[in-house]
Amino acid sequence: MGEGVERPPAAVNGKKTAARPTGRGTITTPRPIRETVGEAQSTGLSLGQPMAQQPVRSGAEPPARPSARTRRARLRAARVDPWSVMKVGFMLSLALGVVLMVAVTVLWLVLDGLGVFASVGDTVKEATQSESSAGFDLQHFLSLKNTLFFSGIVAIVDVILVTALATLGAFLYNLTASFTGGIEVTLAEED
């Protein structure tokens, strides 16, 4: 055929082809296959085989329903912001300090209500007293005021240490993630 003459669309593998004009004539190219592997499998067709060789399905069978698909996403934590880690670490350690103070108070009140401090205090006083001294007063040493004071000191040290260690951990993670690429997490969502 000469230049500028259009060819009618031909059939390739049972599908029509598209004709596109060029400066010298018309080139006939097959249209892209629009079926995906999942669509072909659900309809019983095979990609790459001519339509004449495809298995024939009877009209009585309903098409197979595709199974529920699971979407997956792979994420990588390449860097952690030390400032945000410090803020979160501070808030969590502050909450832990408050929980510690409440737990110590409740525990002290329960033990005092059961008479544990009086019983143990009397035993310690008898064991440590002599003719020249009255012995060690455990009840005064373990009073609620002293117990809460020491628990408060522990809570303050906890807030400082946890905040500092969390921030240091963020810097160390960033340093190792620059060499290893970070932690990869795969998230899955079922339809």
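User: Is threonine 147 buried or exposed?

Analyst: Good place to begin! This is a predicted model, where local features need pLDDT of at least 70, side-chain atom pairs count only at pLDDT 80 or more, and totals for chains, interfaces and linings use all residues. Residues are numbered from 1 along each chain as its sequence is written, and side-chain values use heavy atoms, with hydrogens and water left out. Now the idea: buried means under 20% relative accessible area, exposed means over 50%, and partly exposed lies in between (1.4 Å probe, protein chains only). Threonine 147 has 17% relative accessibility, so it counts as buried.

User: Where does threonine 147 sit, and which residues is it in contact with, leaving aside neighbours within four places in sequence?

Analyst: Threonine 147 is in helix 5. Helices (H or I, at least four residues) and strands (E, at least two) are DSSP runs, numbered from the N terminus. Contact means heavy atoms within 4.5 Å. Leaving aside neighbours within four places in sequence, threonine 147 touches Val104, Trp108 and Leu142 in this sense.

User: Which helix gives the most to the nonpolar patch?

Analyst: Patches are made of residues with over 30% relative accessible area and no salt bridge; like charges are joined within 9 Å, and nonpolar side chains (Val, Leu, Ile, Met, Phe, Trp, Tyr) within 5 Å. Helix 5, residues 144-180, gives the most here, with ten residues. The patch on the surface has about 1,200 Å² of accessible area together, and its members include Phe136, Ile153, Leu168 and Phe179. Such areas come from the Shrake-Rupley method with a 1.4 Å probe, and for residues only the protein chains shown count as cover. Phenylalanine 179 belongs to helix 5 and, at 68% relative accessibility, counts as exposed.

User: How many salt bridges does the structure hold?

Analyst: A salt bridge is a side-chain nitrogen of Lys or Arg within 4 Å of a carboxyl oxygen of Asp or Glu. The structure holds two. In one, glutamate 189 pairs with arginine 71, and the closest N and O atoms are 3.2 Å apart. This pair links distant parts of the chain, 118 residues apart: glutamate 189 is in strand 5 (residues 183-190) and arginine 71 in strand 4 (residues 70-77).

User: And what is the distance between the closest N and O atoms of arginine 74 and glutamate 184?

Analyst: In that salt bridge they are 2.3 Å apart. Arginine 74 lies in strand 4 and glutamate 184 in strand 5, so the pair ties together parts 110 residues apart in sequence. Arginine 74 counts as exposed at 64% relative accessibility, while glutamate 184 is partly exposed at 49%.
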